[in-house]
Amino acid sequence: MEHLGDERAILVVDETGDLKKGVHTVGVQRQHTGTAGRIENAQVTVYLAYASERGHALMDRELYLPKAWTEDPEQMEAAGVPAGTAFATKPALARQMIERTIEAGVPADWATGDEVYGQDPALRAALQRLGLGYMLAVAKDHQIRTGIGLRRAIDLAVRLPAATWQRLSAGQGAHGHRWYDWALIDTIDEETAALHDDSQESPPTAPSVRHWSLIRRNRGTGEYAFYRAYSPEPVPLRTLVLVAGRRWTIEESFAAGKELTGLDEHQVRSWTSWRRWSALAILAHAFLSVTAATQNPPATTQPDTTTESMKPLIALTRNEIRRLLTSATTVLKFARHALHWSSWRRRHQAIARTSHYKKTDRNRQSVTKRHCSTSREARPTWQHARMNATESLRRFGFHPAPGDLQQIRELLQEQSELNDEQDTILMRVLSLQLFNAANAPDILAIWRAKASSFDAYSAIDVQLLCGPGLEATHAYLTQEGSPHALDARQYLDECIATGDFEDFSPDRYGRMLNASFA
């Protein structure tokens with residue numbers, strides 16, 4: 001809590017399943033799991049995640065034991081389940097974890113979960129007693145009482161006038177802001193009112209500012225999503241929307257936990273062993289989350305910065321931190337190489353993210369004119385829209401004539417400037433044609449194309465820089481001395497150190513690539 005704690009934090013509950021083949025692992029049964037999207041032999045666990053402005057991480061877990069298990073004492077004993085463990089629904093397990101968390105003094109203002117948890121009145125009542133607001137998803141046929149009586153959630157949505165809807169962002173996603181239309185309806189939650197203790201103040205019996213039905217509408221498809229919402233005190237719609245948007249954090253935590261910390265890779269059967277494994281995986285995930293949340297922000301530069309090493313980077317992610325830790329503990333000889341590649345990846349991820357945001361904005365505004373089309377009209381774009389790898393080979397061949405090289409350079413430059421519309425196969429062929437020509441000045445043209453995007457980097461081999469030969473290429477880059485040349489030389493040196501040029505010769509490499517495109 002020292003690093004992620006926040007009074008306005010959100011507790012997120014959800015379950016995930018681990019597919020199993022046997023029948024002896026604790027809690028295993030044929031049951032529905034979102035991991036497979038169908039009924040499978042699986043072990044299902046309910047998790048609690050903590051999400052704040054600083055970051056998010058898994059916090060607690062409880063194993064779901066089906067009735068077939070809790071009603072079989074011999075099976076429970078064989079798996080090491082503590083005596084007296086009774087059947088509990090998934091919402092009941094979520095309630096236990098949330099109560100433990102609040103009793104331990106963890107700061108939080110809200111709780112959220114999907115339809116499994118939204119339909120349970122006991123969980124909603126418990127959250128109210130704990131002083132937490134909640135944003136719990138419900139199904140479209142969920143019955144909700146309003147001032148006009150009891151109605152299905154979908155029936156309330158379709159009755160709303162156009163002026164009721166407000167366009168708000170549920171937060172940043174992978175492609176920019178997640179814009180939806182939202183509407184809010186005052187409701188009465190009679191089910192939770194009936195569960196309140198007699199000693200407590202009875203909930204209101206008329207529509208209240210504290211109970212709502214929040215409805216989300218997809219701006220593109222018109223699809224609806226529904227939530228039951230509650231707050232101990234009045235809050236603006238924007239706050240409710242942001243809470244609803246934070247539910248995705250536990251899905252991201254599941255993905256990261258399974259990929260980075262082995263959350264689903266336990267090969268254990270007993271209750272105690274499973275709890276130990278899951279606790280270690282959660283701890284490792286929390287370490288990566290806290291490390292990512294507490295890092296110093298990466299340095300930023302002006303957008304027109306041309307030096308590769310000075311371009312902006314994205315922040316370190318959990319994946320990148322784990323990759324660096326693995327490199328530092330297993331390949332100490334190449335620690336400098338690992339750090340260089342980390343910076344390169346984050347630099348190009350920053351470029352890709354910016355491109356995604358720009359593309360999303362263009363689509364949202366229904367801009368039909370292509371990006372930079374005006375500026376391209378002034379350049380000789382001679383049929384670049386119809387040019388592809390096959391046409392380039394047909395027109396120029398593997399060993400182009402000297403008179404064709406300038407056109408190949410112009411094509412490669414155009415592709416390098418297209419960003420998210422690049423034809424990377426064409427870029428690879430154009431680079432191969434310049435490689436076969438073996439002119440030293442073309443080294444930097446190929447390097448700029450390779451460094452223009454993540455996809456181009458993957459398509460254009462580092463060996464294609466070395467058409468004049470490895471030593472001649474290194475000497476040319478050293479003599480040329482520009483920032484681009486120094487970046488290319490540093491990259492080349494690191495690739496040489498890792499063995500990428502073992503037994504390399506331009507003739508042999510060129511023949512191999514020519515054959516692959518023939």
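**Cores and helix contacts in a predicted model**

Trainee: Which residues have the most contacts inside the largest nonpolar core?

Mentor: In this predicted model, they are Leu412, Ile446, Val462, Leu464, Leu465, Leu477 and Phe501. The core itself has 36 residues.

Trainee: Which helices each supply at least two residues of this core?

Mentor: They are helix H15 (405–416), helix H16 (424–437), helix H17 (442–450), helix H18 (454–459), helix H20 (483–497) and helix H21 (506–517).

Trainee: And which one gives the largest share?

Mentor: That is H16, from which 6 residues of the core come.

Trainee: What is Leu412 in contact with, leaving aside its neighbours within four places in sequence?

Mentor: Leu412 then touches Met427, Leu430, Ser431, Leu434, Ala445, Ile446 and Ala449. Another core, of 28 residues, lies apart from the largest one, and Val12, Leu58, Trp110 and Trp212 are among its members.

Trainee: Back to H16, please. At roughly what angle do the axes of H16 and H21 cross?

Mentor: The angle is roughly 145°, and the two axes come within 11 Å. The crossing of H16 with H21 is left-handed.

Trainee: Which residues make that contact?

Mentor: H16 contributes Ile425, Arg428, Val429, Leu432, Phe435 and Asn436. From H21 come Pro506, Tyr509, Gly510, Leu513, Asn514 and Phe517. By class, the residues of this contact are 8 nonpolar, 3 polar and 1 charged.

Trainee: Now a different pair. How do the axes of H3 and H5 cross?

Mentor: Helix H3 (residues 90–103) and helix H5 (residues 121–129) have axes that come within 9 Å and cross at roughly 15°. H3 is therefore roughly parallel to H5, because angles under 35 degrees count as roughly parallel.

Trainee: Is the crossing of H3 and H5 left-handed or right-handed?

Mentor: The crossing of H3 and H5 is left-handed.

Trainee: Which residues meet there?

Mentor: Pro91, Arg95, Ile98 and Glu99 in H3 meet Ala122, Leu123, Ala126 and Leu127 in H5. The contact of H3 with H5 has 6 nonpolar and 2 charged residues, with no polar ones.

Trainee: Lastly, the whole chain. How many helices and strands are there?

Mentor: The protein chain has 21 helices and 12 strands.

Trainee: What percentage of the residues count as buried?

Mentor: Of its 518 residues, 46% count as buried.

Trainee: And what share of the contacts between residues at least 6 apart in sequence join residues at least 24 apart?

Mentor: In the protein chain, that share is 67%.

Technical notes: Residues are numbered from 1 along each chain as its sequence is written. This is a predicted model: local features need pLDDT of at least 70, side-chain atom pairs count only at pLDDT 80 or more; totals for chains, interfaces and linings use all residues. Side-chain values use heavy atoms; hydrogens and water are left out. Axes are lines fitted to C-alpha atoms, for helices over the stretch in contact, and angles run from 0 to 180 degrees between N-to-C directions. Helices (H or I, at least four residues) and strands (E, at least two) are DSSP runs, numbered from the N terminus. Angles under 35 degrees count as roughly parallel, over 145 as roughly antiparallel, 65 to 115 as roughly perpendicular and the rest as oblique. A crossing is left-handed if the near helix is turned anticlockwise from the far one by less than a right angle, and right-handed if clockwise. Contact means heavy atoms within 4.5 Å. Ala, Val, Leu, Ile, Met, Phe, Trp, Tyr, Cys and Pro count as nonpolar, Asp, Glu, Lys and Arg as charged, and the others, Gly among them, as polar. A nonpolar core is a set of buried Ala, Val, Leu, Ile, Met, Phe, Trp, Tyr and Cys residues joined through side-chain atoms within 4.5 Å. Buried means under 20% relative accessible area, exposed over 50%, partly exposed in between (1.4 Å probe, protein chains only).
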